[in-house]
Amino acid sequence: MADPRHELEETLFETLASLEEAGTQYALIGGLAISAHTEGRATKDVDIVLACPNSAVPGFVDALGRHGFLVDPARHIREVTQDGISVFRRRAGRLDVMKPPIPFFQRLVDSAQPYEIVGKTARVA
């Protein structure tokens with residue numbers, strides 16, 4: 001059985017690599033973001049908010065595929081750009097991607113600060 005902590009770390013690492021490769025603005029939110037600000041919190045997934053034009057989403061989705069995520073390009077691009085949320089899987093890891101059309105979330109991404117989480121620097125809300 002896979003070590004859940006190892007799977008979470010790998011999911012985070014590959015998510016960050018995909019974001020960097022695609023040049024996508026983001027903020028890490030959820031349990032991992034809380035852990036960056038306080039004591040660790042149990043979480044089983046990586047949660048991010050994107051702040052990018054819809055035209056940049058296909059490049060990010062393609063980068064996720066190159067980093068081991070299971071990707072259905074048409075479905076995932078539609079979910080992110082039209083529904084504002086999509087779930088990606090990588091082995092036992094889970095990535096929740098949100099791209100809400102509310103201006104507040106752009107400010108959330110703009111104000112995200114770099115924190116080190118399990119040896120990697122991430123922009124944390």
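**View 1. Salt bridge between E7 and R91.** The side chains of E7 and R91 form a salt bridge, with N and O 4.0 Å apart. The two residues come from distant parts of the chain, 84 residues apart: E7 sits in helix α1 (residues 4-22), and R91 in the loop that connects β3 (85-90) to β4 (93-98). The model shown here and in the other views is predicted. E7 counts as buried because its relative accessibility is 9%, and buried means under 20%. R91, with a relative accessible area of 58%, is exposed.

**View 2. Salt bridge between R90 and E10.** A salt bridge joins the side chains of R90 and E10, at an N to O distance of 3.0 Å. R90 belongs to strand β3 and E10 to helix α1, so this pair ties together parts 80 residues apart in sequence. Both partners are buried: R90 has a relative accessible area of 8%, and E10 has a relative accessibility of 18%. The value for E10 falls under the 20% limit, so E10 is classed as buried.

**View 3. E10 and R91, and the network of salt bridges.** E10 also forms a salt bridge with R91, where the closest N and O atoms are 2.1 Å apart. Because E10 lies in helix α1 and R91 in the loop between β3 and β4, the pair ties together parts that are 81 residues apart in sequence. Salt bridges link E7, E10, R90 and R91 in a network. In general, side chains of opposite charge can pair when their charged atoms come close. The count of salt bridges comes to eight.

View 4. L64 is part of helix α3, which covers residues 57-66. With a relative accessibility of 0%, L64 counts as buried. Leaving aside residues up to four places away in sequence, L64 touches S18, F69, V71, F88 and L95.

View 5. S18 is found in helix α1. S18 is buried, with a relative accessible area of 0%. The S18 side chain reaches the backbone oxygen of E14 at 2.8 Å. When residues up to four places away in sequence are not counted, S18 touches F60, A63, L64 and H67.

**View 6. Strand β1 and its pairing with β2.** Strand β1 (residues 26-29) is covered on both faces. Y26 and L28 lie on one side, A27 and I29 on the other, and all are buried. Strand β2 (residues 46-50) is joined to β1 by four bridges, and the two strands run antiparallel. Within this pairing, I29 stands opposite D47 of β2.

**View 7. K120 over the ring of F13.** K120 lies over the face of F13, at 5.4 Å from the ring centre. As for pairs between aromatic rings, a search of the whole structure finds zero.

Conventions:
Residues are numbered from 1 along each chain as its sequence is written. This is a predicted model: local features need pLDDT of at least 70, side-chain atom pairs count only at pLDDT 80 or more; totals for chains, interfaces and linings use all residues. Side-chain values use heavy atoms; hydrogens and water are left out. Buried means under 20% relative accessible area, exposed over 50%, partly exposed in between (1.4 Å probe, protein chains only). Contact means heavy atoms within 4.5 Å. Two strands pair if DSSP finds at least two bridges between them. Rings of Phe, Tyr and Trp (its six-membered ring) pair if their centres lie within 6.5 Å; planes under 30 degrees apart count as stacked, over 60 as edge-to-face and the rest as tilted. A charge sits over a ring if NZ of Lys or CZ of Arg is within 6 Å of the ring centre and within 35 degrees of the ring normal. A polar contact is a pair of N or O atoms within 3.5 Å; within protein, one must be able to donate a hydrogen and the other to accept it, and residues adjacent in sequence count only if both atoms are side-chain atoms.
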